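Visitor: I am new to this structure. Could you walk me through how to read it?

Guide: Gladly, let us take it step by step.

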Amino acid sequence: QVTLVESGGGLVQDGGSLRLSCAGTGRTFSMYAMGWARQAPGKEREFVAAISWNGGTTLYADSVKGRFTISRDNAKNTVYLQMNSLKSEDTAVYYCNADYTLKRSDYVYEYDYWGQGTQVTVSS
């Protein structure tokens, strides 16, 4: 069993930056690939980024590639999402996820665990 808690969301201006954190509990945290997805009101949840269990492989949605960076610190049971050059279209609730398999998927059911989300609002 893994519990994930996101933090770091907030309000930022266009072009600004935020760093999201996802703190995990559970003895098997380091065995999971981790990821981030987001969901805006009235929109489908979409894949944002993912990272393999050892950080050796990362995946990004085309919409955030070059602007967002996912990283992890297994010693701290934490995954991060550094978001730079934020745009209004990045406004969404950001969710952390965990799964034994690294994947690029928009579908909630593809992942073993989800956090409750943290709101990111980019003002224009």
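Predicted model: local features only at pLDDT ≥ 70, side-chain atom pairs only at ≥ 80, totals over all residues.

**Reading the fold and its rings**

Visitor: What share of the residues is buried?

Guide: Buried residues make up 46% of the 124. As for contacts with a separation of 6 or more, 60% of them join residues 24 or more positions apart.

Visitor: How many aromatic pairs are there, and how do I read one?

Guide: A pair of aromatic rings is described by the distance of the centres and the angle of the planes. Here the count comes to 5 aromatic pairs. Among them, Y95 and W114 are edge-to-face, with 6.3 Å centre to centre and 85° between the planes. Y95 sits in strand β9 and W114 in strand β10, 19 residues apart, so this pair links distant parts of the chain.

Visitor: Is Y95 buried or exposed?

Guide: Y95 counts as buried, because its relative accessibility is 14%, and the cut-off for buried is under 20%.

Visitor: Which pair is stacked?

Guide: Y107 and Y109 form a stacked pair, 5.5 Å centre to centre with 20° between the planes. Y107 counts as partly exposed at 47% relative accessibility, whereas Y109, at 64%, counts as exposed.

Visitor: Which residues do ring pairs link into a cluster?

Guide: Y32, Y100 and Y113 are linked that way.

Key
Residues numbered from 1 in each chain as written. Heavy atoms only, no water. Buried < 20%, exposed > 50% of the residue type's maximum accessible area, 1.4 Å probe, protein only. Contact = heavy atoms within 4.5 Å. Phe/Tyr/Trp six-rings, centres within 6.5 Å; stacked < 30°, edge-to-face > 60°. Helix = DSSP H or I, 4+ residues; strand = E, 2+ residues; numbered from the N terminus.
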